Amino acid sequence: MTRNTPSSTCCFCCHVKTGTFMLAVLTGVAGLITLVFCTLALSGSIEVQYDLGSAKMFNDLYENESYRHSALWIGVGNGVFITLISGLAVFGLIKNRSGFLLPFFICQLFNFLCTIVYIGSVMFYWPSIKANLLRCPQMPQEWKDWLMSVDERWLACIVFTILFIIMVIKSYLIAVVYRCYKHITTQQVILRQRQDPEIMCVSNNKEKSCPIYKPPKYEDIQKVPLFDDMEEIDTKPAPPPYAA
């Protein structure tokens, strides 16, 4: 698999290793920002405001000091985990070690499953989703006016189209990471076969692979005796002399 093959390129221009490297670096930077932000919030250097509008249950929870500290500690753990996984992926890409890409690939799959669950929750709570958005205090008033003027069917079409595009992008990123893992694994197998004297060949996809060994050199064949057990031949009694 070379750099010019279509199966080893992504985003129409770059190699899968380059795309995976950029994705791992961006994910690691996001995890590092989360780690720094939650650490500063725990130390009291910055103050985090929790304004959830009419959600009285969540407001009561975030008014509790221990609950807010627990949420920040969870953010610290999440930041450390994401940074570590991204660092392992970058190390595997630099050293051509495909095994270090597996944790990052599994995290991408888990993120995709969380997106599917979120889309299912949006579909389940869709009858009240517009009212919840209008009660959101972080949303600008212009957006709220636009939501009031949009028809329900058009709003559903816009929201689910955006969610579908997000799913397509995430699935494509998962495919890029998998193709990079496959590319590095193939390179390792080819390098191992070049160093190994045993050559594996498959004549048909349905048949099992059969080992074929390289023939020995001519000088080595000349050194091999014609008999397997020379000691047994040397210990045989000599034939009797011929009597005239």
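Let's start with Thr115: its relative accessibility is 9%, so Thr115 counts as buried. Buried here means under 20% relative accessible area, exposed means over 50%, and partly exposed is in between, with a 1.4 Å probe and protein chains only. Thr115 sits in helix H4. Helices are DSSP runs of H or I with at least four residues, strands are runs of E with at least two, and both are numbered from the N terminus. Setting aside residues up to four places away in sequence, Thr115 touches Ile166, Met167 and Lys170. Contact means heavy atoms within 4.5 Å.

A word on the source. This is a predicted model, where local features need pLDDT of at least 70, side-chain atom pairs count only at pLDDT 80 or more, and totals for chains, interfaces and linings use all residues. Residues are numbered from 1 along each chain as its sequence is written, and side-chain values use heavy atoms, with hydrogens and water left out.

Now the cores. A nonpolar core is a set of buried Ala, Val, Leu, Ile, Met, Phe, Trp, Tyr and Cys residues joined through side-chain atoms within 4.5 Å. The largest one has 18 residues. Leu101, Phe104 and Cys180 have the most contacts inside it. Helix H1 (16-43), helix H3 (65-95), H4 and H7 are the elements that give two or more residues to this core. H7 gives the largest share, five residues. Take Leu101. Beyond its neighbours within four places in sequence, Leu101 is in contact with Thr20, Ala89, Leu93, Cys180, Tyr181 and Ile184. Another core lies apart from the largest one. That other core has ten residues, including Val122, Ile129, Met139 and Ala156.

Next, aromatics. How many aromatic pairs does a search of the whole structure find? Four. The rule: rings of Phe, Tyr and Trp (its six-membered ring) pair if their centres lie within 6.5 Å; planes under 30 degrees apart are stacked, over 60 edge-to-face, and the rest tilted. One of the pairs is Phe91 with Phe100: centres 5.1 Å apart, planes at 80°, so edge-to-face. Phe91 is partly exposed at 37% relative accessibility. Phe100 is also partly exposed, at 25%.

Then there is Phe105 with Tyr178. Their ring centres are 6.1 Å apart and the planes stand at 40°, so this pair is tilted. Phe105 lies in helix H4 (residues 102-124) and Tyr178 in helix H7 (residues 152-195), so the pair ties together parts that are 73 residues apart in sequence. Phe105 is buried, at 18% relative accessible area. Tyr178 is partly exposed, at 43%.

On to the surface. Phe21, Met22, Val25, Val29, Ile33 and Ile94 form a nonpolar patch. Together they have about 540 Å² of accessible area. Areas come from the Shrake-Rupley method with a 1.4 Å probe, and for residues only the protein chains shown count as cover. Patches take residues with over 30% relative accessible area and no salt bridge; like charges are joined within 9 Å, nonpolar side chains (Val, Leu, Ile, Met, Phe, Trp, Tyr) within 5 Å. H1 supplies the largest share of the patch, five residues. Ile33 is in helix H1, and Ile33 is exposed, at 54%.

Last, charges. A salt bridge is a side-chain nitrogen of Lys or Arg within 4 Å of a carboxyl oxygen of Asp or Glu. The count is one. Which side chains meet in a salt bridge? Asp151 and Arg153, at 3.3 Å, N to O. Asp151 is partly exposed, at 36% relative accessibility. Arg153 is exposed, at 70%.
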